Amino acid sequence: MAQKHNLTYQLTHDLGKAIVTGRYQIGQGLPTEAELCEQYDVSRSATREAVKMLAAKGLIASRPKKGIQVLPESDWNMFDTDVLGWILSSNPSLTLLKSFTEVRAAIEPQAAALAAVNATFEELEEIEKALARMEAAEKGLDDPLDSDIAFHTGVLKASGNPFIMQLTEFISTALKVSIRYTNATKGESGDIEKHAHILNTIKSRNPEKAHLAVKEILDEALALIESNLS
């Protein structure tokens with residue numbers, strides 16, 4: 001049973017990545033289930049499950065007599081971390097990074113403001129640990145990307161809002177690319193001083209200042225992307 005599940009997920013991954021990278025064009029058909037079985041050397045049941053999973057993610061539609069059709073990008077579930085991961089691993093456009101940063105700008109400042117009101121001692125401690133990891137990363141003692149992501153997702157979790165907390169995995173997935181891009185463009189890793197300022201505003205229970213502190217670093221990231229777009 002576990003092997004079938006692994007084969008199903010591997011086929012879902014391979015086909016999903018092929019779709020988002022344009023190997024299968026929008027509006028075109030995928031091979032039939034029988035052809036996919038032969039091509040990927042998997043069972044009919046595993047293939048059928050993979051097709052169902054891709055349909056649930058909005059990438060394809062399987063209809064009688066029409067076969068398996070690739071759907072337009074507007075139908076794709078961008079909040080699905082598999083879909084987002086496939087897109088981001090295929091050299092995403094700056095336009096997509098801009099769109100994602102705009103989503104962050106709409107959510108993360110408010111999350112910081114809520115964290116300033118709602119964060120527990122344990123949640124503040126987690127954000128502090130992430131900041132310490134960022135400082136260690138500057139000395140080569142930790143991973144700069146992982147520690148930066150841990151800081152931002154720590155703030156989301158500390159918001160106390162269940163809907164914002166549900167976005168943690170989505171934002172974590174996309175941050176792997178966007179932080180890497182902005183740091184490479186700036187020629188530096190995450191700014192410790194600015195992140196420390198965010199933490200201090202949250203710890204001081206000042207929601208307005210926490211909101212502004214996060215907005216400032218995201219405005220800077222957006223300006224960086226827009227300058228490269230133009």
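Begin by selecting D41, which lies just after helix 2 and takes a positive phi of about 55°. The model on screen is predicted, and every value given on this tour is computed from it.

Step back next into helix 2 itself, residues 33-40, and select E33, L36 and C37; these residues are buried. Viewed around the helix axis, they cover an arc of only 105°, so they sit on the same side of helix 2.

**The largest pocket**

Now turn to the largest pocket, which holds about 200 Å³ of space. Its lining comprises 15 residues, and those closest to the pocket centre are I19, V20, G22, E73 and W76. Colouring the lining of this largest pocket by class will show 9 nonpolar, 5 polar and 1 charged residues.

**The second largest pocket**

Proceed to the second largest pocket, with about 160 Å³ of space. To display its lining, select M78, F79, L84, L88, L96, S99, F100, V103 and F170. By class, 8 of these lining residues are nonpolar and 1 is polar, with no charged residues. Which helix gives the most to this lining? Helix 5 does, with 4 residues. Helix 4 and helix 5 each contribute at least two residues to the lining of the second largest pocket.

**The aromatic cluster**

Keep F79, F100 and F170 selected and hide the other lining residues of the second largest pocket. A pair of aromatic rings is described by the distance of the centres and the angle of the planes. The model contains 2 aromatic pairs. In one of them, F79 and F170 are tilted, with 4.6 Å centre to centre and 45° between the planes. F79 belongs to the loop between strand 2 (67-70) and helix 4 (81-88), whereas F170 belongs to helix 9 (residues 168-186); the pair thus links distant parts of the chain, 91 residues apart.

Remain on F170, which is buried because its relative accessible area is 7%, under the 20% cut-off. F170 also forms an aromatic pair with F100, and this pair is edge-to-face: 5.8 Å centre to centre and 75° between the planes. Since F100 lies in helix 5 (residues 94-118) and F170 in helix 9, the pair ties together parts that are 70 residues apart in sequence.

Finally, select F100: is this residue buried or exposed? F100 counts as buried, at 8% relative accessibility. With F79, F100 and F170 shown together, the tour ends at the cluster into which ring pairs link these three residues.

How values were computed. Residues are numbered from 1 along each chain as its sequence is written. This is a predicted model: local features need pLDDT of at least 70, side-chain atom pairs count only at pLDDT 80 or more; totals for chains, interfaces and linings use all residues. Side-chain values use heavy atoms; hydrogens and water are left out. Rings of Phe, Tyr and Trp (its six-membered ring) pair if their centres lie within 6.5 Å; planes under 30 degrees apart count as stacked, over 60 as edge-to-face and the rest as tilted. Buried means under 20% relative accessible area, exposed over 50%, partly exposed in between (1.4 Å probe, protein chains only). The arc is that of the directions from the helix axis to the C-beta atoms. On a 1 Å grid over the protein atoms alone, a cavity is a set of points where a 1.4 Å probe fits but cannot get out, and a pocket is an open set with protein on both sides within 12 Å along at least five of seven lines; lining residues have an atom within 4 Å of a point. Grid points are joined across faces, edges and corners, and a volume is the space filled by probe spheres set on the points. Ala, Val, Leu, Ile, Met, Phe, Trp, Tyr, Cys and Pro count as nonpolar, Asp, Glu, Lys and Arg as charged, and the others, Gly among them, as polar.
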